[in-house]
Amino acid sequence: MLAGKSIQQDEAVVRPQFSEEEFMAERRKMIEAISAHGLDDQEVLDVLARVPRHEFVNPEDIDFAYRDQPVPIGEGQTISQPLMVATMTSLAEVGADDSVLEIGTGSGYQAAVLAEMAREVVSVEIIGTHAKNAADRLKRLGYENISVIHGDGYFGWEEGAPYDAVIVTAAPEKIPQALIDQLAPGGRLVIPLGKSGWTQNLLLVRKDLDGNLEARKKESVRFVPFTRDKR
Ligand code: SAH
């Protein structure tokens, strides 16, 4: 863990400065923690070893950035646990030429991970401040293949369809039909399904070349609710 001390100065908290080497060492430890759970998708692990997760948490939470746990990002939302980001990304089998839709931009971290592997990423976020902050952050970090949309992901994002992969990072009780419709033949949809406040089932839904669907339950997970009122 990063053991930085904050210095109280004229009411403002001055954050400690960490070096890039320290962040890299933290990322290596995070990768070890993920691998210890049996996730062995090397391409995904390599991407998580590169993306600066500390840029996606609030400055006061920087010590938690590389722990294998979710971190609050404001408005009751969280940046997902690294193991969950790795698991969902791996299930989505993202290829270099793929177009990917994410529902639930949050901090933008999962979108950045996807953008390192895909041709383009569209990420839809229902909370305006999160959409704006994530878009600014991703631009600042130099990601040019991500479009952040402020909207209700229940409707997917028709303009960019079809998508080779769709990842949903908030849990609805049923799969929104638009997400099925916007999935390309041969595409993968990764979605937590179930009631909020409980654990949900992480599903991998495949659409074959004839448009037939096959769903598999992967594991029990816990996600924030999929909401419907745009804020
Ligand atoms: N992928 C994010 C984690 C986000 S938490 C990250 O890497 O940081 C889930 C996000 O889904 C929250 O920001 C929440 O506001 C958003 N969300 C919930 N319901 C939504 C909906 N109907 N459409 C779009 N975003 C939604």
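The talk below takes up some terms and the values behind them.

Mentor: This is a predicted model, in which local features need pLDDT of at least 70 and side-chain atom pairs count only at pLDDT 80 or more, while totals for chains, interfaces and linings use all residues. Residues are numbered from 1 along each chain as its sequence is written, and side-chain values use heavy atoms, with hydrogens and water left out.

Trainee: Why is Arg27 called buried?

Mentor: Buried means under 20% relative accessible area, exposed means over 50%, and partly exposed is in between, with a 1.4 Å probe and protein chains only. Arg27 has 3% relative accessibility, so Arg27 counts as buried. Arg27 is found in helix 1 (residues 20-36); helices (H or I, at least four residues) and strands (E, at least two) are DSSP runs, numbered from the N terminus.

Trainee: Why is Arg67 called partly exposed?

Mentor: The relative accessible area of Arg67 is 29%, so Arg67 is partly exposed. Arg67 is found in the loop between helix 2 (42-48) and strand 3 (71-74).

Trainee: What joins the side chains of Arg27 and Glu20?

Mentor: A polar contact of 2.9 Å joins them. A polar contact is a pair of N or O atoms within 3.5 Å; within protein, one must be able to donate a hydrogen and the other to accept it, and residues adjacent in sequence count only if both atoms are side-chain atoms.

Trainee: Which atoms lie at such distances from the ligand?

Mentor: A polar side-chain atom of Ser107 lies 2.6 Å from an oxygen atom of the ligand. For Gln110, a backbone N or O atom lies 3.0 Å from a ligand oxygen atom. In the side chain of Thr169, an N or O atom is 3.2 Å from a nitrogen atom of the ligand.

Trainee: What makes helix 3 mostly covered?

Mentor: In helix 3 (residues 82-91), 9 of its 10 residues are buried. Among them are Pro82, Leu83 and Met84. Just after helix 3, Glu93 takes a positive phi of about 45°.

Trainee: How many residues of each class does the shell around the ligand have?

Mentor: The shell has 10 nonpolar, 13 polar and 3 charged residues. Ala, Val, Leu, Ile, Met, Phe, Trp, Tyr, Cys and Pro count as nonpolar, Asp, Glu, Lys and Arg as charged, and the others, Gly among them, as polar. The largest share of the shell, 3 residues, comes from strand 4.
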